[in-house]
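Colleague: I would like to learn how to read this model, feature by feature. Where do we start?

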Amino acid sequence: MRAPQSGWVIVAGLGPGASSMMTPEVDRALAEATDIIGYQPYVARITPRQGLSRHASDNRAELDRAHHALRLAAKGRRVVIVSSGDPGVFAMASALFEALESMPQLEADIRILPGITAMLAAAAAAGAPLGHDFCAINLSDNLKPFDLVLKRVRLAAEADFAMAFYNPRSNTRPAQFGEVLATLRDQCEPERLIVFARAVSTPEQVIRTVALSEARPEMADMRTVVIVGSSRTRRVGPFVYTPRSA
Ligand code: SAH
């Protein structure tokens, strides 16, 4: 049984950027919180108020952040860990459970609140490119070898999935996205449609659709989610969509 004074940890998705894309239940959790924990740009999205401590940390400090949240909750604090998009998509929810595995003695009241993930906001802005079977691949090699990234891209293309690529390109690994495009060129026809969706739902949003033959690594950065169509994905008017049948 939980002590009456016990705190909680909520891992909340803030959505892709626009505050209108944040769910009302996330809004409520933020209003009840005593502490906000997260990567600095996400914490910056939370309006300061009295009684709210904001703890911003570096991008790669996920496990430290999760341990910190669990320790605060054990002291009775009400902690919201914030992620952009959805917290279960390449984000803090799994990091929290990894931390929990290493602190089994800790009794914690934990909830995960979903958010609109980047690929869904991007797909809606472009039309419906994820309207049939698709997969999501994190192109970062922070937590897995890059060979595995290329293998997954190759097999997903072979299976004719549409694909959403997160973390497509960063300054620390500028060449890798070029290798991903080369892998796609081996597997797919040159007309295959690719959507580069940058800063979706923010004032800087840019949605650009090109054929695979025209795609260049510089079209993506860390604020871009890349959607690769299946062989059936096509244009209708200004939209890109994938029909519901294969
Ligand atoms: N949990 C987040 C993903 C975190 S990984 C989510 O569910 O959206 C970070 C990557 O997400 C970025 O490199 C980019 O590929 C993508 N991303 C996040 N917000 C985005 C936005 N507003 N527009 C385009 N891509 C975005």
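Modeller: Strand β2 (residues 35–39) is joined to strand β4 (residues 78–83) by 4 bridges, and the two run parallel. Strands here are DSSP E runs of at least two residues, helices are H or I runs of at least four, and both are numbered from the N terminus. Two strands count as paired if DSSP finds at least two bridges between them.

Colleague: Which residue stands opposite V82 of β4?

Modeller: That is G38. Before going on, note the ground rules. This is a predicted model, where local features need pLDDT of at least 70, side-chain atom pairs count only at pLDDT 80 or more, and totals for chains, interfaces and linings use all residues. Residues are numbered from 1 along each chain as its sequence is written, and side-chain values use heavy atoms, with hydrogens and water left out.

Colleague: In what order do the strands of the parallel sheet come?

Modeller: The order is β3-β2-β4-β1-β5, in an open sheet of 5 strands with parallel pairing. β3 (53–57) and β5 (110–113) are the edge strands, each pairing on one side only. On average, neighbouring strands are turned by 20 degrees against each other, direction ignored. Axes are lines fitted to C-alpha atoms, for helices over the stretch in contact, and angles run from 0 to 180 degrees between N-to-C directions.

Colleague: Which strands does helix α3 touch?

Modeller: Contact means heavy atoms within 4.5 Å. Helix α3 (residues 62–74) packs on the sheet and touches β1 (8–13), β2, β3, β4 and β5. The direction of α3 makes about 175 degrees with that of β2. Helix α4 (residues 92–101) packs there too, touching β1, β4 and β5. The angle between the directions of α4 and β5 is about 165 degrees.

Colleague: Now the other sheet. What is the sense of its pairing?

Modeller: Mixed. This open sheet has 5 strands in the order β7-β8-β11-β9-β10. Its edge strands are β7 (134–138) and β10, each pairing on one side only.

Colleague: How many bridges link β9 to β10?

Modeller: There are 6, in the antiparallel sense, between β9 and strand β10 (residues 206–211). I194 has V210 as its bridge partner in β10. β9 also pairs with strand β11 (residues 224–228), again antiparallel, over 5 bridges. Look at R198: V206 stands opposite in β10, and T224 stands opposite in β11.

Colleague: Is strand β9 mostly covered or mostly open?

Modeller: Mostly covered: in β9 (residues 193–198), 5 of the 6 residues are buried. Buried means under 20% relative accessible area, exposed over 50%, and partly exposed in between (1.4 Å probe, protein chains only).

Colleague: Which helices lie across this sheet?

Modeller: Helix α5 (residues 118–126) lies across β7, β8, β9, β10 and β11, at about 65 degrees to β11. Helix α7 lies across β8, β9 and β11, at about 175 degrees to β8.

Colleague: How do I read backbone phi?

Modeller: Most residues other than glycine have a negative phi. D160 is not a glycine, yet has a positive phi of about 60 degrees. D160 sits in the loop between α6 (146–158) and β8 (162–166). N167 is likewise not a glycine and has a positive phi of about 45 degrees. N167 sits in the loop between β8 and α7.

Colleague: Last, the ligand. How many residues surround the ligand?

Modeller: There are 19, the closest being D86, V89, T117, M222 and T224. A residue counts as near if one of its heavy atoms lies within 4 Å. A backbone N or O atom of D86 lies 2.8 Å from a ligand oxygen atom. For P16, a backbone N or O atom lies 2.9 Å from a ligand nitrogen atom.

Conventions. A polar contact is a pair of N or O atoms within 3.5 Å; within protein, one must be able to donate a hydrogen and the other to accept it, and residues adjacent in sequence count only if both atoms are side-chain atoms.
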